[in-house]
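Subject: Structure handover

Hi,

Here is the structure I promised to pass on. Have a look at it first, and then read my notes below.

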Amino acid sequence: LGLALYTGSLCVASDAAFLYHDYCIIGAGPSGLQAAYFLQQAGRDYLVFERSHAPGSFFALYPRHRKLISINKRYTGKSNSEFNLRHDWNSLLSHDRRLLFRRYSHDFFPDADTMVHYLEDFASLLKLRIQYNTAIVHVTLERDEQAWNGHYFLLTDQDRQNYKCSSLLVATGMWVPNVVNFPGSEYVEGYETVSINPEDFAGQTVLILGRGNSAFETAENILGVTNFIHMVSRSRVHLSWATHYVGDLRAINNGLLDTYQLKSLDGLLEGDLEDLAIIKDKKGKLHITLRFYLENRNTSAGIDSITLPQDELDNFATRAPYDRVIRCLGWKFDFSIYNRSLRMMPGKGNKKKYPQIKPNYESRSTRGLFVLGTASHSVDFRKSAGGFIHGFRYTTRAIHRLLENRHHGVPWPSTVYPITQLTNSIIKRVNEASGLYQMFSVLADIVLLRENATAFEYLEEYPVGVLAELEMQTGRKAPSGLFVIIMEYGRNFSGADKDVFYYNRAVGEAQHAWQSNFLHPVIYYYKRLPTEREMSLRPPDWPLPRPDAVHHIVEDFLTDWTAPNAHILPLRRFLENCLGTDLRNFFAESCFLFAFTRQKLPPSCLQGYMRMQGLVGSEGLRRHAAEAGLLEDHTLTDFSGDRPLPDNHRGSQDLLRDRVIPVHPLQHLVNGKDE
């Protein structure tokens, strides 16, 4: 009995040592704060762990030269807050209008210290539950069939305090510097520690390893004081305006391209960094050579006997010695804190710096572990904005909605409309939705058709990568087909080698909409939900499998898709062809006429006039419609046909009101087999 009591007390003590929360969030950067906001609004049990004393600690150091490349466009000419978020790349999503970034900075490219201040206010004003000065140093699993996902996540901090949670949200970002090891790499300075005072580089010759924004940012800072700057990377420079990827080189940092192409000493070179070697001479100068020269030399020989490339090729590009070599190769995910039981594996190829996750941002190996923010960028790497605030604020909301449905039975938010509102609903969203606009080809609006296409259910910003799992992931049914509304660039328009300024680069006629190059809405129609197999077999550059029908809304210079003839009319006709119905809205006079002359009434008449609702026409409206070519211009006559109606007649609607038969006897026309 004593042994049993002792064992039981140990079990109780063990459980008590773990502080439990339903949701644990590691990291109080932008994505961690965004996730915390949604969980708090839903009333969930969560806690955020932050190793620093304040949120957004990454921005306290980076970028080193303190200028962000995320735009802060304060004026758009519109008051629509959702539309304005399309051009606000720094604000997180919240209900508090005080927490818009334009209230914190007037700069188009803000200072990083302003971002730190903004994130501190976001956390404090919304009273988010964050535990600071807590570095999670180890994460493992505890199997338990009663847990949400069949296991709990056990977290340990630097003080050996233990925590237990049912779902783990990793928002640590990418903060481990990428380092390339080669002979002489000990002479290389890192971006994270190099001086940011230009005077420290006065009169020096500098080699920069890397070709991303951090490399060009560093070069821009010292461009005016150095002898010359050379930049080496394994790939050619990727310009964001050519690739349409915001993570590529931005114009704000590309001054070195001018000095290179205008032959002002600076230059760009391509080569594999792992093949390089750096040798330091007696004067402290750094010489670039190739690794195989060192491998073939006599190890007992002195440094002066080492063969350099210019000994064999006297015009070798990097034959001039350098005073400094700076590494600017970006960052990678920290895998070190995760136990092998979680099987957190790096991606492959150019995604190896990211953890492997599924299109719903959940770990491929561990159910219940979701990756947020920059570290989740493998889903849309070099395609969309998922690695940046203006992208992952929406993917974080999508993850929250998936979790709400999975663990709390709260279906994905949706709105049901009559089918007559389908065209208007799509036009409204493609003209103002910021999530569709920023996460193009990744997030999409879904229109689920009701039986007989009399109504539809509208879901916003669903991850298209898990379209086949829509019913399970959202709690919504798709029995009668669906439309998928997404934003896309032209198939062959983006790329490092593309000339995006060529003549006739844009189209303006609706019949050529499928050739649109710039960002534009595309509507896919499926008679049934695509399967997992169909999703896996889709073409590499397609966000979705082949649809039953597809419609491109022609690109627009103003990104304003409201032109009646160029945008709305082709869309309506596409929807009508898919649904086999007439989506036009009719006045009462037309519905009254259709009731006598057609076997099937348009939906607007069925849902309006036949229910004693809808718009009542007038002589003025009739004339306006006739002048616009929307109605045939028949001369109105009285019912006997003896004489035309005079202009001062009280109006066609008054005549119908006096003489029309009651509505109810007409119901057999719509309730029979021809309905």
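**Charges over rings**

The charged end of K164 sits over the ring of F18, at 5.7 Å from the ring centre. Keep in mind as you browse that this is a predicted model. R598 does something along those lines too: its charged end is placed over the ring of F594, 3.8 Å from the centre.

**The disulfide**

Searching the whole structure turned up 1 disulfide. It joins C591 to C605, with an S to S distance of 2.0 Å. C591 belongs to helix α17 (residues 588–597) and C605 to helix α18 (residues 603–607), 14 residues apart. The torsion about the S-S bond is about -80°, so this disulfide is left-handed. Are these two cysteines buried or exposed? C591 is buried, with a relative accessible area of 0%, and C605 is buried at 0% as well.

**Aromatic pairs**

F440 and Y489 make an edge-to-face pair, 5.2 Å centre to centre with 80° between the planes. F440 is in the loop between α13 and β18 and Y489 in the loop between β20 and β21, so the pair ties together parts 49 residues apart in sequence.

Finally, ring pairs link Y37, F38, F101, Y104, Y118 and F122 into a cluster.

Cheers

Definitions and conventions. Residues numbered from 1 in each chain as written. Predicted model: local features only at pLDDT ≥ 70, side-chain atom pairs only at ≥ 80, totals over all residues. Heavy atoms only, no water. Disulfide = S-S within 2.5 Å. Helix = DSSP H or I, 4+ residues; strand = E, 2+ residues; numbered from the N terminus. Buried < 20%, exposed > 50% of the residue type's maximum accessible area, 1.4 Å probe, protein only. Phe/Tyr/Trp six-rings, centres within 6.5 Å; stacked < 30°, edge-to-face > 60°. Lys NZ or Arg CZ within 6 Å of the ring centre and 35° of its normal.
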